Amino acid sequence: MPEQTVRWVGGLDGRMEVIDQTLLPVELRFIHCRTVEQVREAIKVLRVRGAPAIGVAAAMGVVVAVQDASDDEREVLERVGHAAECLATSRPTAVNLFWAIDRMKRIAQECRGKGGRAIKEALLKEARAIRDEDAAMGRHIGDHGQHLVKEGCGVLTHCNAGSLATAEYGTALAPLYRAHELGRRFHVYADETRPLLQGARLTMWELQQAGIDCTLICDNTAAVVMRERKVNLALVGADRIAANGDTANKIGTYGVAVLAKHHGIPFYVAAPSSTFDLAIASGDQIPIEERGAEEVTHGFGRQTAPAGAKVYCPAFDVTPAELIAGIITERGLIEKPDKKTIAKMLK
Ligand code: MRU
């Protein structure tokens with residue numbers, strides 16, 4: 001497996017490091033995040049990305065924010081408040097971000113009265129717990145989903161929902177890693193994933209490192225590999241899942257789900273419970289991030305559209321629950337996801 005994409009090295013006087021994913025696949029470099037503003041920037045420009053990894057990074061960002069504070073309790077609590085506000089404005093769609101920030105704020109409040117040093121230590125412990133829990137969730141998702149990856153099958157995935165997007169093992173890629181560990185042979189088709197090419201740059205890199213047989217396709221080749229019967233399963237991650245199962249994931253996922261339906265191919269989502277937002281009834285309420293035009297007109301520094309071209313660039317889309325055969329969580333597989341089956345699994 002590739003190295004941990006977000007890590008805390010040492011104790012309270014230690015350091016937060018992330019793989020700068022904007023440099024992959026050409027260069028594997030860790031960067032040291034010294035301030036909460038740097039953590040926010042790393043999330044915003046996708047140095048660290050993928051819903052669970054964003055949550056882990058935000059949790060560690062709160063620790064970074066209090067590291068050099070005095071042991072005065074009021075100062076520490078103020079820093080936590082500021083860090084929470086700053087990080088919450090980094091990216092709007094992945095609910096794991098807000099879930100992790102809320103956990104960190106709650107821990108700080110629970111430690112009120114114990115002094116600044118105790119709060120700082122509790123925050124580091126909580127950030128580490130969020131990381132470790134996510135790593136464990138990936139393993140469990142792998143266990144619960146591996147049976148879908150049958151000997152000799154073809155799997156299509158979109159974006160990157162592997163170890164680079166999580167604490168360790170991945171969500172959509174976890175069943176693939178597990179099936180591979182079990183000695184099963186299968187083939188993965190990775191959608192390139194325009195405009196930022198997470199599939200080409202990250203999923204292909206990860207799968208190659210793991211020794212999994214994979215082929216890169218342009219997003220607009222997905223229909224053809226389905227019609228040619230090269231694919232028997234579509235498996236993607238999620239950034240936020242509403243109470244009824246509607247799922248936000250990388251732009252283009254909805255198209256994959258529609259194609260899969262047309263070709264009679266089961267379409268599965270893999271996500272930990274931290275990606276569910278039961279406070280919202282349906283996908284209509286999921287905030288969808290819109291990104292800058294230059295990501296489309298000047299992908300990776302080269303102009304590919306005429307100056308002044310109007311651009312619409314939502315970073316995510318919502319796949320309606322009725323197109324989803326199942327959601328693989330760390331607690332088990334939710335078949336035919338809807339309000340009832342989801343509530344039952346997550347209760
Ligand atoms: O914009 P990104 O690269 O953060 O988008 C990531 C995705 O859409 C992933 O599929 C999702 O976060 C699941 S990651 C386990």
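Where is Gln4 found relative to strand E1?

## Basis of the model and the site of Gln4

Gln4 is found in the segment before strand E1 (6-9), where helices (H or I, at least four residues) and strands (E, at least two) are DSSP runs, numbered from the N terminus. This is a predicted model, in which local features need pLDDT of at least 70 and side-chain atom pairs count only at pLDDT 80 or more, while totals for chains, interfaces and linings use all residues. Residues are numbered from 1 along each chain as its sequence is written, and side-chain values use heavy atoms, with hydrogens and water left out.

With a relative accessibility of 29%, Gln4 counts as partly exposed; buried means under 20% relative accessible area, exposed over 50%, and partly exposed in between (1.4 Å probe, protein chains only). Once its neighbours within four places in sequence are set aside, Gln4 is in contact with Ile19, Phe30, Arg131, Ala167 and Glu168, contact being defined as heavy atoms within 4.5 Å. The C-alpha atoms of Gln4 and Ile31, which are 27 residues apart along the chain, are separated by 13 Å.

Strand E4 (residues 154-157) pairs with E7 in the parallel sense over 2 bridges, pairing being assigned if DSSP finds at least two bridges between two strands. In this pair, Leu156 stands opposite Ala234 in E7. E7 also pairs in the parallel sense with strand E10 (residues 267-270), over 3 bridges, and the bridge partner of Val236 in E10 is Val269.

## Packing of helices H2 and H3

Helix H2 (residues 51-67) packs against helix H3 (residues 73-88) at an angle of about 140 degrees, with their axes 9 Å apart; the axes are lines fitted to C-alpha atoms, for helices over the stretch in contact, and angles run from 0 to 180 degrees between N-to-C directions. That angle makes H2 oblique to H3, as angles under 35 degrees count as roughly parallel, over 145 as roughly antiparallel, 65 to 115 as roughly perpendicular and the rest as oblique.

The residues that meet are Ala58, Gly61, Val62, Ala65 and Val66 in H2 and Val76, Arg79, Val80, Ala83 and Leu87 in H3.

## Cysteines

The structure holds 0 disulfides, a disulfide being a pair of cysteine sulfur atoms within 2.5 Å. Cys33 is in no disulfide, and the nearest cysteine sulfur, that of Cys86, is 12 Å away, which is too far for a bond. Cys33 is buried, with a relative accessible area of 3%, and Cys86 is buried as well, with a relative accessible area of 12%.

## Backbone features in the loops

A cis peptide bond with omega of about 10 degrees joins Leu24 and Pro25, and Pro25 has its place in the loop between strand E2 (15-19) and strand E3 (30-33). Another cis peptide bond, with omega of about 0 degrees, joins Arg194 and Pro195, where Pro195 lies in the loop between strand E5 (187-191) and helix H7 (198-210).

The loop between E5 and H7 is also the place of Leu197, which has a positive phi of about 60 degrees although it is not a glycine, and which is buried at a relative accessible area of 18%. Leu46, in the loop between helix H1 (36-44) and H2, has a phi near 70 degrees, a positive value in a residue other than glycine, and Leu46 is buried, with a relative accessible area of 5%.
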